[in-house]
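This report describes one protein structure for a reader who has not seen it before.

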Amino acid sequence: MDPHSTTRRRFLAGTATAAALGATVSACAPTAPAPAVPGFSHSVASGDPHPDSVVLWTRLDPAGRSGTVDVSWEVATDDTFSNVVATGSATTGGFRDWTVNLVAAGLTPGTRYAYRFVDDAGRLSPVGRTRTAPVGSVDRLRFAVASCSNYAFGNFHAYGHMADRSDLDAWIHLGDYIYEYANPGSGETYGEYRLLDPVTEIRTLSDYRRRYAHYRSDPDLQTLHRLHPMIHVWDDHEFADDPFIGGAGNHQAEDGEWNDRIAAALRAYSEWMPTRLDGNRIFRTLRYGDLATIVGLDRQRRFLWPAPDDGDLYLGREQFDWLDGQLGDVTSSWAVLAQQTTFGATGPNRRSGGWGERDRGRVLSALAPSAADLVVLTGDIHRFHAIDVLDDPDVYDRSTGAGVGAVEFAAGSISSPGGNGSGNGPQVRWTSGDQRGYLLVDLTPERVQADFFGFPDPEKLLVRRPAERWLGGFSSRRGAPGLRQASAPAPG
Ligand SMILES: [Fe+2]
C-alpha cells in the first residue's frame, strides 16, 4: 500500500493523454544509457551476502536462442581475474526467461570480489563487484537503504547516487522494486513520465518478466546492481497493490485468477532478483559478524499465502513465531529489521499507529533477552522519517531517551511521489515527503547513525542527475536508545 492509494487510481485514457506522455517521456529520458555488453544486455547483479557465499545473477539476451544453454561463471579477488577463487556453471533457457541465479560458495568472509559470466559463444559479461559478509569482530558497517522505485514516475537518479558510493557493504531495498501499473491510456496508471514495457498493467508471467526486464534496462539501476550486493524484501507492488486474503485492491475480475497472478509474479521475481528465496518464503536472516543481524520480513505473506492460524497477527503466525526465535538468538550488537512500513507509534498519544501496540510490543519483548539494540528500517510510505520507538510511552522523554526501546528510520522513495507527515506524536523526530533519495545506515559497536540523502522531488524528472544533499541525520547510542540529531553525516 502507498500514500494516496485512492487518489492515484486514475484511468488516464485518450489521445490527448498519450500525446502528453510522449512529450514528457522524450524530455525525461536518461541522457546516456550504459553501453550494453553483447549477449548480456541486462548486465549482472549479486545479492544476499553470507560469510562464505553470495548470489550471482545475469541474463542472456534471448534473441536467436532456443533450448537450454550452459553459462559459466568465475569469482576473483581482482578485476583482472588473475586470482580466480571460485568457478562453476549453470543452465538457463526460456524455461526461466534466460536468467541465471546461483549461489557462489567457498568464499572468504568480509572480502570484496569481482565476478563475471561467460556464455556459450565465449562472450564475457560485464564485471560485477560484490562483498561477502564478515564474521567475528566487526568495527563498522554501511548500508544504503532504498524503497519504492516507480519507473514511470521519474528517473532513478537516487539509484545512481547509491551506485557512486564506494563505502557500502550492501544495499537494502524494502519493497516496491517494480510497480504493476499501466501507462496512461493503457489502463490503471500510477506514474506517467516514463514509458513502460509492457504499457499495460502486468498480470501474466510474460508481463511480469517483461516489466522486470524493462526496469533492469535502466542504466542507474543496472550500475547499482553491478557494483554492490543487494538485500531485498518485497512489498505489495511486486504482486499488485494492497493484497487482502483472496484478492488485491488492484486486482479485478478481468485480471484473471488472483492465485495465478501471485504465482506468475513470484516466478518472475525468482528468475530476475538476486535473492535467496525458499519457495515463497522471503523472510530470512543475514548475519554481519558480531555487529549486525539483519532480519528481513514479509508483511504481505498473510494476505498472499494465508494460513488458518494467522489470525490478525501482523506477520501471521508462522512468521511471527520464527521472528521470536530469530530475535531471541541475536548475539550481535544490533538487530536490524528490514521491513515494509511504519513500525513505531506515530500518534500524539504515543501508542497508536505503526504496527500497533500489541505486535510492536511482541517484537521488543522477543529481543529483550539479547544484548542487542533494535534498528527498524521502513519502506512503503514515500517519505523519510526518524522515530523513537517507545517501550514505555508513559515515561517518554525525548531529551533523555527515557521510555525509548528502539529507533526507526524510513528510507523515503527512489522516485514514487511523497506522502504527508508521519504523524504528530512527539516521538516522530523528523519527517520529509518532498525529497527523493535514500537512507545511509552506519553502524559501529557504539552507535548507529542514519543519514538521509536526496534532492527535491521535481528534480527526478531532470535528464542530468541532480546533486544530492544531506537532508539530516540522527544517531542512537547502543545500550541507551534514543534519537539525537546529528550535526554532520557520518564520515565515509
Ligand atoms: Fe511504494
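Is glutamate 254 buried or exposed? The model is a predicted one. In it, glutamate 254 has a relative accessible area of 63%, and values over 50% count as exposed, so glutamate 254 is exposed. Glutamate 254 sits in the loop between β14 (247–248) and α5. Its C-alpha atom is separated by 34 Å from that of threonine 68, and the two residues are 186 residues apart along the chain.

Buried residues in α5 are Trp258, Arg261, Ile262, Ala264, Ala265, Leu266, Ala268, Tyr269, Glu271 and Trp272.

Helix α3 (residues 205–215) packs with helix α5 (residues 258–272) at an angle of about 35 degrees, and the axes are 8 Å apart. The crossing of these two helices, α3 and α5, is right-handed. On the α3 side the contact is made by Leu205, Tyr208, Arg209, Tyr212 and Ala213. On the α5 side it is made by Arg261, Ala264, Ala265, Arg267, Ala268, Tyr269, Glu271 and Trp272. Sorted by class, the residues of the contact of α3 with α5 comprise nine nonpolar, no polar and four charged.

α3 is mostly covered, with eight of its eleven residues buried. These buried residues of α3 are Asp207, Tyr208, Arg209, Arg211, Tyr212, Ala213, His214 and Tyr215. They pack against β3 (54–59), α4 (219–227) and α5.

**Helices α7 and α8**

The contact of α7 with α8 has six nonpolar, one polar and four charged residues.

**Aromatic rings**

How many aromatic pairs does the structure hold? There are 27 aromatic pairs. Two of them are set out in the table.

| Aromatic pair | Centre to centre | Angle between planes | Arrangement |
|---|---|---|---|
| Tyrosine 177 and tyrosine 212 | 6.3 Å | 25 degrees | stacked |
| Tyrosine 181 and tyrosine 190 | 5.5 Å | 65 degrees | edge-to-face |

The pair of tyrosine 177 and tyrosine 212 links distant parts of the chain, 35 residues apart. Tyrosine 177 is in the loop between β10 (170–173) and β11 (188–189), while tyrosine 212 is in helix α3. Tyrosine 177 and tyrosine 212 are both buried.

Why is the pair of tyrosine 181 and tyrosine 190 edge-to-face? The planes of the two rings stand at 65 degrees, and planes over 60 degrees apart count as edge-to-face, so the pair falls in that class. Tyrosine 181 and tyrosine 190 are both buried.

Ring pairs also join residues into a cluster, made of Tyr177, Tyr212, Trp234, Phe239, Tyr269 and Trp305.

**Backbone features in loops**

The peptide bond from aspartate 197 to proline 198 is cis, with omega near -15 degrees. Proline 198 has its place in the loop between β11 and α3.

Tryptophan 98 has phi near 65 degrees, a positive value in a residue other than glycine. Tryptophan 98 is part of the loop between β5 (84–93) and β6 (99–104) and counts as buried at 6% relative accessibility.

Histidine 382 is not a glycine either, yet has a positive phi of about 60 degrees. The loop between β18 (373–378) and β19 (384–390) holds histidine 382, which is buried with a relative accessible area of 0%.

**Phenylalanine 474**

Strand β24 (residues 469–477) contains phenylalanine 474. The relative accessibility of phenylalanine 474 is 2%, and under 20% counts as buried, so this residue is buried. Leaving aside residues up to four places away in sequence, phenylalanine 474 touches several residues, among them Ala386, Phe409, Arg429, Trp430, Phe452 and Leu483. Phenylalanine 474 lies 31 Å from valine 54, C-alpha to C-alpha, and the two are 420 residues apart in sequence.

How values were computed. Residues numbered from 1 in each chain as written. Predicted model: local features only at pLDDT ≥ 70, side-chain atom pairs only at ≥ 80, totals over all residues. Heavy atoms only, no water. Axes fitted to C-alpha atoms, helices over the stretch in contact; angles between N-to-C directions. Helix = DSSP H or I, 4+ residues; strand = E, 2+ residues; numbered from the N terminus. Left-handed = near helix turned anticlockwise from the far one by under 90°. Contact = heavy atoms within 4.5 Å. Nonpolar A, V, L, I, M, F, W, Y, C, P; charged D, E, K, R; others polar. Buried < 20%, exposed > 50% of the residue type's maximum accessible area, 1.4 Å probe, protein only. Phe/Tyr/Trp six-rings, centres within 6.5 Å; stacked < 30°, edge-to-face > 60°.
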